[in-house]
Amino acid sequence: MHRYVSSFLLAAVCGTHLAHAQAPAMPVGFGPQPALPAPDKQLIPTVNVAPVQRWTAGERPAVAAGLAIRAYARGLDHPRWLYVLPNGDVLVAETNAPPKPDDSKGIKGAIMQMQMKKAGAATLSANRITLLRGIDSNGAAQTRSIFLQGLHSPFGMALVGNDLYIANADALVRFPYETGQTAITAAGTKVMDLPGGPINHHWTKNVVASPDGKFLYVAVGSNSNAGENGMAAEQGRAAIWQFTRATGKARVYATGLRNPVGMAWQPGTGALWTAVNERDELGDDLVPDYMTSVKDGAFYGWPYSYFGQHVDARIQPPRPELVATAVAPDYALGAHTASLGLAFYDGSLLPERYRGGAFIGQHGSWNRKPYSGYKVIFVPFADGVPSGPPQDVVAGFLDRAGHAHGRPVGVAVDKAGALLVADDVGNVVWRVTPAP
């Protein structure tokens, strides 16, 4: 028995599939030029977290027509991010926030802790990476092993040659790797400090390697919602860094990105794209999360403006000269959807309609009524840019009663061309394939 959620595209659920509407219009809060309402700053912000009620053994999400979904691995400990090695092995970061005693102190901090517990997110970090290998007759991994442990809230992973880079919450660390090994016991070498400390508000640090392996790009989120901890606490944050492997030197590549998490290379143009979580507490329909190509040296607004040069009046003192340079992102992904995962589809297993486009994992809202996100969507691309409305690919994480059976985070394409989805509240990695 499956449980479903209504889609932004007004798609009707039929059986275990999501039926696509005919020629859907662009939903509110999505697309290259979303209509943005006036800010609605409330004295008491909306707090609307879906309570967790995890999947039972017989339940699974709903998928779009022509697709099927199975659990690739169950019983994981907050699986949040995925990385597919060249030999087909799948690495899963089982992780959660590190201790951050100064993050949202006082009444607000206490409320947020209660809400995180309600959402199933207030768990200690397993601090490990697990390796999944093969596929059995039920569509699950044939073997599972602890690949790396004793890490510090690990998140992003990137392999270049025999160097495996792990982005911990406070450092980029390199480990030696040999093809086919199922565990790494060697000590890692820190190659770059990352902003951490006792606040560490957006603790997830992601990393991707350039196609030629010369550079690593490291995403670091802000230390606040909208600068309320002071700009001194934002040093080196809300940015993507470029790390040169040959020299060990790093520089800021792009700034003003509140919480860039997913990063991927667009297959047609070779451009770096990122999915970004925007700010909260400006109303149900502000500010839309987005994905964008990342331009070297560009400023994307945070915290002084959003979606280009829309000024956030909460930030004092203002910086009009900086706002004047703010670059508008390429494509809005809906307000408060918590769009985290990003993977371009360059496989051939799934239907033709997915080739060249982007899958986005939307973790789900807390600052919105009604809920938004709690699904995996697909955005088609043409000529290197988004070319149409989003399509629901995996939904049903949120049931009609408002319970979250899971929350999708990282997305990846495995060696066979299937879509993998990390479900950190459901403690599952899902695998999406063509329907039989």
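One term before you click on anything: buried means under 20% relative accessible area, exposed means over 50%, and partly exposed is in between, with a 1.4 Å probe and protein chains only. This is a predicted model, so local features need pLDDT of at least 70 and side-chain atom pairs count only at pLDDT 80 or more, while totals for chains, interfaces and linings use all residues. Residues are numbered from 1 along each chain as its sequence is written, and side-chain values use heavy atoms, with hydrogens and water left out.

**Stop 1: colour by confidence**

Start with pLDDT, the predictor's confidence in each residue, from 0 to 100. The protein averages 93, and 91% of the residues score at least 70. Now select residues 1-15: pLDDT stays under 50 there, and the model has 42 contacts for this stretch beyond four places in sequence. A contact means heavy atoms within 4.5 Å. Where pLDDT is low, the predicted coordinates should not be read in detail.

**Stop 2: salt bridges**

A salt bridge here is a side-chain nitrogen of Lys or Arg within 4 Å of a carboxyl oxygen of Asp or Glu. How many salt bridges does this rule give? The count comes to 16.

Select Asp-414 and Arg-431. Their side chains meet in a salt bridge at 2.7 Å, N to O. The pair links distant parts of the chain, 17 residues apart: Asp-414 sits in the loop between strand 30 (408-413) and strand 31 (419-423), and Arg-431 in strand 32 (residues 428-434). Strands (E, at least two residues) and helices (H or I, at least four) are DSSP runs, numbered from the N terminus. Are these two partners buried or exposed? Both Asp-414 and Arg-431 are buried.

Next, pick Arg-245 and Asp-163, a salt bridge whose closest N and O atoms are 2.9 Å apart. Arg-245 lies in the loop between strand 16 (239-244) and strand 17 (250-255) and Asp-163 in strand 11 (residues 163-167), so the pair ties together parts that are 82 residues apart in sequence. Arg-245 counts as partly exposed at 27% relative accessibility, and Asp-163 is partly exposed too, at 23%.

Then try Asp-103 with Lys-100, where the closest N and O atoms of the salt bridge are 3.5 Å apart. Asp-103 is buried, with a relative accessible area of 17%. To see a network of salt bridges, select Glu-278, Arg-279, Asp-312 and Arg-314, which are linked in one.

**Stop 3: cavities and a pocket**

Both terms come from a 1 Å grid over the protein atoms alone: a cavity is a set of points where a 1.4 Å probe fits but cannot get out, a pocket is an open set with protein on both sides within 12 Å along at least five of seven lines, and lining residues have an atom within 4 Å of a point. Grid points are joined across faces, edges and corners, and a volume is the space filled by probe spheres set on the points.

There are two cavities of 30 Å³ or more. The largest cavity has a volume of about 60 Å³. Of the 12 residues lining it, Val-28, Gly-29, Asp-285, Ala-335 and Arg-368 are the closest to its centre. The second largest cavity holds about 40 Å³; select Asp-40, Gln-42, Pro-45, Thr-46, Glu-281, Gly-283, Asp-284 and Asn-367 to show its lining.

Now move to the second largest pocket, with about 880 Å³ of space. Its lining has 29 residues, and Tyr-83, Val-84, Met-263, Ala-264 and Trp-265 lie nearest its centre. Strands that each supply at least two lining residues include strand 6 (79-84) and strand 18 (259-265).

**Stop 4**

Zoom in on the peptide bond from Leu-286 to Val-287: it is cis, with omega near -5°. Val-287 lies in the loop between strand 19 (272-277) and strand 20 (288-293). The bond from Trp-302 to Pro-303 is also cis, with omega near -5°.

Which phi value does His-78 have? Phi of His-78 is near 55°, a positive value in a residue other than glycine. His-78 is buried, at 3% relative accessible area. Finish at Ser-153, with a positive phi near 45°; Ser-153 counts as buried at 2% relative accessibility.
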